[in-house]
Amino acid sequence: MVDSTRKVYLFLWDCNSPMDKTKVAIVGVGTVGAGVARILLDHGDRTAKNAGTTLWLETAVVRDLAKPRDCDLPDGVLTDDIQDVINNDEIKVVVQLIGGVEAARTIMLELLESGKDIVTANKALIAEHGPELFAKARELGRSIAFDAAVAGGIPIITNLTQCLAANQVTSLRGILNGTSNFIVSQMEQGADYDGAVAEAQRLGYAEADPAMDVDGTDAAQKLAILAHIAYGAEIDWKKIPKTGIDTLDTVDLKYAEELGYKIKLLAVAQMSDDGLELHVSPTLVKAGLPLAEVRSAYNAISVEGDQVGRLFYHGLGAGQKPTASAVVADLIDTAVGRTALTFRTLKLFTEHNPSVQICPSEKIVGRYYFRFVVADEPGVLADITRIFGTHNISIASVIQHEPDENETQAEGVYVPLVIMTHTACEGEAESALTEINDLPNVRPGSRKMRVLN
Ligand code: NAP
Ligand code: HSE
């Protein structure tokens, strides 16, 4: 049935405008790969019209041939041997959709060596080995397209590299991990953390190892890619300070709500007097700001350019269809020849702007939310405010509710104390936290989060 559908498309195109076909391979037919296969097989007329050539799915490579696939592949397409792609000179473009880094790197280098252009969604690979892979592609006259690697269906890489080319980006703030945003949204509605993680996995949002989503790794890798494109800086994603949502407590979601904020895993790259600020962390975002309203597996990116002003991008950041949408758009761009032009001109991951310095994290300036668990005794608040004062941190508001019986422990009454600060230096905020944690009347488990107004 699938085969006959493909023949209908070819027949239609043969009747109206004779068209060649571009043979394509997919390496990795998991969540995203199956979505790409579905678009190529079910919407061949659409992709052929937009590419000016039929995108013909010739081969699909997996590890385990016996595993069920979320797509109906025509007979003879599926293989577990990458050599079927490497040795087929008629395959011009390969969609590389295996996760992880080392096997993916080796396969991508082999594919480039065998003369294939590449489309990928693997951000871990680009963040880790972008310079090597892009240099190799350039040396061999090939191209790598990777818009699906950041923010799923949002065409942020095409926008930064092409549509905003007249601008210097001054600020970029994004919700870049759909899984984390989904989990926090679920927790806001009362779901437990582990159940929300399992649901994100079931829906195909999470990485093969979901720890990469919830500990901020995935967002840091995406931020490194975006920051390189936006500022030309050479960025090692491992050096980006990151905290994930795996440390988030539901009590903080409740206090955020009470204060008029939403907690979002925010990735930030913005220019300051001390250099390029980079960080990924759960952040209290003022309710009403567009970023605060981004729910479920949606991503959003607020970009400010010196010419265009502020732009806001919003869309599904994970999942089969939105990611496959971005992959197939890259595939079409590659078939048309647009990718090769941009790839040649931009020299991404090969040339760096040496004048962009990374801001030391202790110099980053912002507002902070603190939550302490303190003994309900005279003098505790005074001790804490004195420490803030010595670090030149001004307090904006304080919440301490009367203790309820659950907070009465054998060793006394302990209550949460929440403090919102005015603008302060990260280094001072960290030192204050350390000193406060050392006070005898403060229990372990303090929290500090950034605030965005
Ligand atoms: P997935 O469901 O785990 O699928 C990975 C596929 O790669 C599987 O089909 C697997 O084969 C195959 N594979 C793994 N190692 C292989 C090898 N050495 N040789 C041949 N095939 C191999 O992953 P996914 O969610 O589709 O994600 C794929 C990539 O896209 C990842 O880099 C991910 O970070 C990225 N991405 C994912 C999303 C999303 O929403 N899921 C969004 C944006 C980007 P078997 O099935 O036989 O094991
Ligand atoms: N695991 C990733 C996420 C997939 O949840 O955002 C999209 O890159």
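User: What covers the buried residues of H7?

Analyst: The cover includes strand S7 (169-175), helix H11 (217-231), strand S10 (298-305), strand S11 (309-316) and H14. The model here is predicted.

User: Which residues of H7 are buried?

Analyst: A general point about helices comes first. An α-helix has 3.6 residues a turn, so residues three or four places apart point the same way. Here, the buried residues in H7 are Ile156, Ile157, Asn159, Leu160 and Thr161. Buried means under 20% relative accessible area.

User: H11 is part of that cover. How do I read its packing against H6, and at what angle do the two pack?

Analyst: Two packed helices are described by the angle between their axes and the distance between the axes. For H6 (residues 123-139) and H11, the angle is about 55 degrees and the axes are 9 Å apart. H6 is therefore oblique to H11. Their crossing is left-handed. On the H6 side, the contact is made by Lys123, Ala124, Ile126 and Ala127, and on the H11 side by Asp218, Gln221, Lys222 and Ile225. Sorted by class, this contact has four nonpolar, one polar and three charged residues.

User: Which residues of H2 and H13 meet, and at roughly what angle do their axes cross?

Analyst: The axes of H2 (residues 31-42) and H13 (residues 320-336) cross at roughly 60 degrees and come within 8 Å. That angle makes H2 oblique to H13. H2 passes H13 in a right-handed crossing. From H2, the residues that meet H13 are Thr31, Val32, Ala34, Gly35, Val36, Arg38, Ile39 and Leu40. Their partners in H13 are Gln320, Thr323, Ala324, Ser325, Val327, Val328 and Leu331. By class, the contact of H2 with H13 has nine nonpolar, five polar and one charged residues.

User: How do H3 and H13 cross, left-handed or right-handed?

Analyst: Start with the geometry. The axes of H3 (residues 44-51) and H13 come within 9 Å and cross at roughly 40 degrees. The two helices are therefore oblique to each other. H3 passes H13 in a right-handed crossing. Thr47, Asn50 and Ala51 of H3 make the contact with Val328, Ile332, Ala335 and Val336 of H13. The residues of this contact divide into five nonpolar, two polar and no charged. Val328 of H13 is in contact with H3, and Val328 is also among the H13 residues that meet H2.

User: Next, backbone angles. Which residues have a positive phi although they are not glycines?

Analyst: One of them is Ala151, with a positive phi of about 65 degrees. Ala151 lies in the loop between strand S6 (144-145) and H7 (156-163). Its relative accessibility is 0%, so Ala151 counts as buried. Phe349 is another, with a positive phi of about 60 degrees. The loop that holds Phe349 runs between H14 (338-346) and strand S12 (365-375). Phe349 counts as buried because its relative accessibility is 7%.

User: For a buried residue, how do I find its surroundings? Which residues does Leu265 touch?

Analyst: Leu265 is found in strand S8 (residues 261-272). With a relative accessible area of 5%, Leu265 is buried. Leaving out residues up to four places away in sequence, Leu265 touches Gly174, Ile175, Asn177, Ser180, Ala219, Thr243, Gly244, Ile245, Val280, Ser281 and Pro282. Val280 is 15 residues from Leu265 along the chain, and their C-alpha atoms are separated by 6.9 Å.

User: And Ile436: is it buried or exposed?

Analyst: Ile436 is in helix H16 (residues 426-437) and is buried, with a relative accessible area of 0%. Not counting residues up to four places away in sequence, Ile436 touches Phe372, Ile384, Ile387, Phe388 and Val442. Ile436 and Phe388 are 48 residues apart in sequence and 8.8 Å apart in space, C-alpha to C-alpha.

User: Which domains does the domain assignment give?

Analyst: The assignment for the protein chain gives domain 1 (4-149), domain 2 (156-316) and domain 3 (361-451). The C-alpha centres of domain 2 and domain 3 lie 26 Å apart. Their contact takes 19 residues from domain 2 and 17 residues from domain 3.

Key:
Residues are numbered from 1 along each chain as its sequence is written. Chains are lettered from A and ligands numbered from 1 in the order in which they are written. This is a predicted model: local features need pLDDT of at least 70, side-chain atom pairs count only at pLDDT 80 or more; totals for chains, interfaces and linings use all residues. Side-chain values use heavy atoms; hydrogens and water are left out. Axes are lines fitted to C-alpha atoms, for helices over the stretch in contact, and angles run from 0 to 180 degrees between N-to-C directions. Helices (H or I, at least four residues) and strands (E, at least two) are DSSP runs, numbered from the N terminus. Angles under 35 degrees count as roughly parallel, over 145 as roughly antiparallel, 65 to 115 as roughly perpendicular and the rest as oblique. A crossing is left-handed if the near helix is turned anticlockwise from the far one by less than a right angle, and right-handed if clockwise. Contact means heavy atoms within 4.5 Å. Ala, Val, Leu, Ile, Met, Phe, Trp, Tyr, Cys and Pro count as nonpolar, Asp, Glu, Lys and Arg as charged, and the others, Gly among them, as polar. Buried means under 20% relative accessible area, exposed over 50%, partly exposed in between (1.4 Å probe, protein chains only). Domain bounds come from an automatic or database domain assignment.
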